[in-house]
Amino acid sequence: QQFQRAEPLLDSALQDHGDDPKVLFGLGALRFIQNQTEQAIELFRKVIEIEPDNVSALNNLAVLLSESPETRDEALDMIDRALDIVGQRPTYLDTKATILLLAGQNEAAADLLETVVAGPDENPVYQLHLAVAYARSGRNEEARQTLAQSLAEGVQGHPRLRPHPHL
């Protein structure tokens, strides 16, 4: 309901500032939350046209593109661009690993997530994704252990946990 009240304001901002990457990004993020995928993709593409190094837009576009097998290669290209810009940041590595999982590249995803989980950024969502990669790779005992650790560290209530429709 709050989104409905914001719509006229957002439409006005888009008309008045349609080339402002912050406005485009904000509206793209809203469309992402609203599951209006095509509109979100279009808005993030516009942000990237204006700011080619906007890693948040690259990441969000990669996540959205990964939902369709037809655009998964482009999703990998987008997240690789983000990683080239910012280096091996856990959030972006996790996005790449999730895309690899969706593409059936389970061992590659597990390898990447092992690196992420071994790093200093303690995020139980990364462990949950690693558990999925292990399970899909047939590494069931490792999957159980990693899932248990993720649950023990509070993944269930984690604000970043948003179920992916294809995982």
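Colleague: What do the numbering and the cut-offs rest on?
Modeller: Residues are numbered from 1 along each chain as its sequence is written, and side-chain values use heavy atoms, without hydrogens and water. The model is predicted, and local features need pLDDT of at least 70, side-chain atom pairs count only at pLDDT 80 or more, and totals for chains, interfaces and linings use all residues.

Colleague: How do you know that the span of helix α7 agrees with its number of residues?
Modeller: Helices are DSSP runs of H or I with at least four residues, numbered from the N terminus. The expected span is 1.5 Å times one less than the number of residues. For the 13 residues of α7 (106-118) that gives 18 Å, and the end C-alpha atoms are 18 Å apart, so the two agree.

Colleague: Why is H129 called buried?
Modeller: Buried means under 20% relative accessible area, with a 1.4 Å probe and protein chains only. H129 is at 14%, so it counts as buried. H129 sits in helix α8.

Colleague: What does H129 touch, not counting residues up to four places away in sequence?
Modeller: Contact means heavy atoms within 4.5 Å. On that count H129 touches D94, T98, L101 and L113. L113 is also one of the buried residues of α7, and the buried residues of α7 pack against α6 (90-102) and α8 (124-136).

Colleague: Which residues of the largest nonpolar core touch the most other members?
Modeller: Such a core is a set of buried Ala, Val, Leu, Ile, Met, Phe, Trp, Tyr and Cys residues joined through side-chain atoms within 4.5 Å. Of its 40 residues, F44, L61, M78 and I79 touch the most other members. Helix α4 gives the most to this core, with eight residues.

Conventions:
Helix = DSSP H or I, 4+ residues; strand = E, 2+ residues; numbered from the N terminus. Buried < 20%, exposed > 50% of the residue type's maximum accessible area, 1.4 Å probe, protein only.
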